[in-house]
Amino acid sequence: MKAVGGSSEFHEWSRLAISLLEQQIPPDEILWADESPQPLLPGLTEGIREVVPSKVQAAILPAAFAAAARPVLAHRDSAKWPLLYRVFWRLHHETANLLHIASDEDVCQLRRFEQQVRHDTYRMTQFVRFRRVQGLEDERFIAWHRPDHNVLRMAAPFFVKRFARMRWSIITPLSSAHWDREALTFSAGLPREQSPTSDELEELWRIYYAAICNPARINPKAMSAQMPGRFWTVLPEAAEIGPLLTQARGRVSTMIRDQRDQSSAALFVPPEGDLSLLESASRSCQGCELHVAATQTVFGQGTPNARVMLVGEQPGDEEDRRGVPFVGPAGTLLDQALNEAGLDRQALYVTNAVKHFRFTPVGRARRHQTPRPSHITACRPWLEAELRLVQPDLIVCLGATAARTLLGYAVSVTERRGKLLSTEWARGLLITIHPAAILRGTDAAHREKLYRTLVADLMLIAHVLPMPRE
Ligand code: URA
């Protein structure tokens, strides 16, 4: 057994991992210890060859793995060390495709760690509040924040961009970042007592927040889900939320009426971040009025870099309750057709043009209503963000709403289905029948005919994807 001390510095860690791999040391022969001032514990130091040139690193460390490893290195759980090396080892010794196997236990854990760190980074960008401190020579803004993971290095570039002209420091218990308008430096962390607690900036924040606050966008449930209680104590504007909520209901209905025709999700879509961040931001979307009656946002689901993206219309009753696309009767039929066409849903990305359920109550039931063009337009920023991140080679539109959303004009599914069309979002776009249309077929023979058409169209996917992903 070799004892090795991990390093959260990507370059150090990658050198170490490559060196271990080159020496053919299998994961179960390594005993990982947490980071220490000396990166490698005695016992292995002699065996490790130094500096591997970066070109070699790039060849050995696949880009997709490196992109996942960077955030995972910031995770606080020391299970990350054996996990990262195990995945790295398996990428070389089992399959280079490992990261695409969404059901693999190691891959699941890697993605979970990655997501948790990205969320934490996002939360830092949202919940850090600076307080002004007048020094002898200059003015400085200081913030104290307690992230769950060691995400300061990942979040710091956001603050550099946002507050480029201020001198600031962000202090966390693990490390601190300092910006002097030219250079970003890091030092050790500090306990909270050493960060200033109040000053006039706090009051300014309150006034500013009350002025800009849009009560329709305050969603207390989503806020407490996203913002652990400990952050509230450092947010000066938290005191304003209660009174603003009291007036909120009346203002919200007026705003809904006023904004119906100019609504858009654009304000709710984070400018950057991965799919999980997008998904979590979408939960608070109030970009159109559909969010009022729907249970929740139903965001897309599937492999983040899938080659094929299926786009439906909007969630149905079951999807609305469970928060997952295509899990109701239409979803069951879709799964059956995908199976018959030899496609694995796990390898695809499945989403909808509109992310909230539109319905009319009929007694205790909820009857599906086709979304209006204004709903499609309002929701489009989410779909575009999903397309930008997934970058599919092929988009498959299930039915007329999806086709209209992606093409920008109404088409007849019967006329245009089963042909490869062009789109700015992928190498090709295919239109096929929506599974719900099959369920509405007039009789068994009609339904069977429509179902066969759907399967045949889905079978085309394999034919139009001859080229490996670039
Ligand atoms: N119909 C759709 O278009 N999408 C779903 O998620 C479910 C039914």
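Rings of Phe, Tyr and Trp (for Trp, its six-membered ring) are taken as a pair if their centres lie within 6.5 Å, with planes under 30 degrees apart counted as stacked, over 60 as edge-to-face and the rest as tilted. The structure described here is a predicted model, in which local features need pLDDT of at least 70 and side-chain atom pairs count only at pLDDT 80 or more, whereas totals for chains, interfaces and linings use all residues. Residues are numbered from 1 along each chain as its sequence is written, and side-chain values use heavy atoms, with hydrogens and water left out.

By the ring criterion the structure holds 15 aromatic pairs. One of these is formed by F65 and F88, which are stacked with 5.6 Å from centre to centre and 5° between the planes. F65 belongs to helix α3 (residues 63-72) and F88 to helix α4 (residues 80-93), so the pair ties together parts that are 23 residues apart in sequence; helices (H or I, at least four residues) and strands (E, at least two) are DSSP runs, numbered from the N terminus. Both F65 and F88 are buried, where buried means under 20% relative accessible area, exposed over 50% and partly exposed in between, computed with a 1.4 Å probe and protein chains only. A second pair is formed by F299 and W382, whose ring centres are 6.0 Å apart and whose planes stand at 90°, so this pair is edge-to-face. F299 lies in the loop between α12 (290-293) and β8 (301-302), and W382 in helix α15 (residues 373-390), so the pair ties together parts that are 83 residues apart in sequence. F299 is buried at 4% relative accessibility, and W382 is likewise buried, with a relative accessible area of 1%.

F65 and F88 also belong to a cluster, linked by ring pairs, that includes F10, W13, W32, W81, Y85 and W89. R70 lies over the face of F10, at 3.9 Å from the ring centre; a charge is taken to sit over a ring if NZ of Lys or CZ of Arg is within 6 Å of the ring centre and within 35 degrees of the ring normal. In another such arrangement, the charged end of R366 sits over the ring of F359, 4.8 Å from its centre.

A backbone N or O atom of Q314 lies 2.9 Å from a nitrogen atom of the ligand, and a polar backbone atom of F326 is 2.9 Å from a ligand oxygen atom. N352 contributes a polar side-chain atom, which lies 2.7 Å from a nitrogen atom of the ligand. Of the 240 Å² of accessible area that the ligand has on its own, the protein covers 93%.

Positive phi values occur at two residues that are not glycine, among them Q24, with a phi of about 60°, placed in the loop between α1 (10-22) and β2 (30-33). For R181, phi is near 80°; this residue is found in the loop between β6 (175-179) and β7 (184-188) and is partly exposed, with a relative accessible area of 44%.

Note on methods: A polar contact is a pair of N or O atoms within 3.5 Å; within protein, one must be able to donate a hydrogen and the other to accept it, and residues adjacent in sequence count only if both atoms are side-chain atoms. Accessible areas come from the Shrake-Rupley method with a 1.4 Å probe; for residues, only the protein chains shown count as cover.
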